[in-house]
Amino acid sequence: ADLSLLGMALFACYEEWAELDSLEQAVALEQRAVNLAPDGDPNKLKYLVHLCLVLGARYKRFGELADLERAIATTERAIELSHDGHPEMPHYLALLGMSLMDRYRKFNDLADLERAIEVGQRANELAPKDHLLKPTCLEGLGMSLKDRFGRLGDPADLDRALEALERAEELTPDNDQSLKANRLANFSAALTARFRRFGELG
């Protein structure tokens, strides 16, 4: 547990100061924590999620596909080791959906987009409306549906995207102004897409 805690402390330093050495150490520590924990360890799921987070951050920093692939595999392992009734399952699915969308945007492989939508739907089904991550689950699903509308042009996808993105913004606390503004911008972008395609906003 100490390895993972130290890794997350270093990751927090990276997020605050953008110090690359802190990120590299965080990845190494989280990977070691995962390696040392047997599958029956109740903390292993947490270690896997932490590893996914730091790998995802390093992918966004450098764009190395190996980090993205490891993040996806790590999250899939967390899902394999848990079950639908696990309270963190919506979080794991949301993380997987985000990583799949990153890979879709890199390679434009429709299979990644379809799977991102599938896990996004499952995350929303499992997350009750008062779940802390419900807005995140809705946002992820809405953005992936919006991308599929852009790819395939099915109006039903855009309607569902608008519904999910609007609800994500509504459920975001007012005191988180930056996040609320970002989600409002996502919803506005979907409205703009509908106007450009169909000439209607509402």
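Predicted model: local features only at pLDDT ≥ 70, side-chain atom pairs only at ≥ 80, totals over all residues.
Me: How are α1 and α3 oriented to each other, roughly parallel or roughly antiparallel?
Reply: Helix α1 covers residues 2–17 and helix α3 covers residues 44–62. They pack at an angle of about 30°, with their axes 11 Å apart. Angles under 35 degrees count as roughly parallel, so α1 and α3 are roughly parallel.

Me: Which residues of α3 does α1 meet, and how many residues in that contact are nonpolar?
Reply: On the α1 side, the residues are Ser4, Met8, Phe11 and Tyr14. Their partners in α3 are Tyr47, His50, Leu53, Val54, Ala57 and Arg61. Sorted by class, this contact of α1 with α3 has two polar residues, one charged residue and, to end on the number you wanted, seven nonpolar.

Me: What is the handedness of the crossing where α1 passes α3?
Reply: The two helices pack at about 30°. As α1 passes α3, the crossing is left-handed.

Me: How are α5 and α6 oriented, roughly parallel or roughly antiparallel?
Reply: Here the axes lie 8 Å apart, and the packing angle is about 160°. The crossing is left-handed. Since angles over 145 degrees count as roughly antiparallel, α5 and α6 are therefore roughly antiparallel.

Me: How many residues in the contact of α5 with α6 are nonpolar?
Reply: From α5 the contact draws on residues including Met89, Leu93, Leu96, Leu100 and Tyr104. Across from them, α6 brings in Leu110, Leu113, Val119 and Leu126, among others. Alongside one polar and four charged residues, the contact of α5 with α6 has nonpolar residues numbering 14.

Me: How do α7 and α9 run, roughly parallel or roughly antiparallel?
Reply: Helix α7 spans residues 134–152 and helix α9 spans residues 177–198. Their axes are 11 Å apart, at an angle of about 25°. That angle falls under the 35 degrees cut-off, so α7 and α9 are roughly parallel.

Me: How many charged residues are in the contact of α7 with α9?
Reply: The crossing of α7 and α9 is left-handed. Pro135, Thr136, Glu139, Met143, Lys146 and Phe149 of α7 make the contact with Arg183, Asn186, Ala189, Ala190, Arg197 and Phe198 of α9. By class, the contact of α7 with α9 holds six nonpolar residues, two polar ones and charged residues to the number of four.

Me: How many disulfides are there?
Reply: A disulfide here needs a pair of cysteine sulfur atoms within 2.5 Å. For cysteine 137, the nearest cysteine sulfur is that of cysteine 52, 14 Å away, and cysteine 137 is in no disulfide. The count of disulfides comes to zero.

Me: Is cysteine 137 buried or exposed?
Reply: Its relative accessible area is 3%. Buried means under 20%, so cysteine 137 is buried.

Me: Where is asparagine 108, and what is its phi?
Reply: Asparagine 108 sits in the loop between α5 (89–107) and α6 (110–126). Its relative accessibility is 45%, so asparagine 108 counts as partly exposed. Although asparagine 108 is not a glycine, its phi is positive, at about 60°.

Me: Which loop holds alanine 18?
Reply: Alanine 18 is not a glycine, yet has a positive phi of about 60°. With 45% relative accessibility, alanine 18 counts as partly exposed. Its place is in the loop between α1 and α2 (20–36).

Technical notes. Residues numbered from 1 in each chain as written. Heavy atoms only, no water. Buried < 20%, exposed > 50% of the residue type's maximum accessible area, 1.4 Å probe, protein only. Axes fitted to C-alpha atoms, helices over the stretch in contact; angles between N-to-C directions. Helix = DSSP H or I, 4+ residues; strand = E, 2+ residues; numbered from the N terminus. Parallel < 35°, antiparallel > 145°, perpendicular 65-115°, else oblique. Left-handed = near helix turned anticlockwise from the far one by under 90°. Contact = heavy atoms within 4.5 Å. Nonpolar A, V, L, I, M, F, W, Y, C, P; charged D, E, K, R; others polar.
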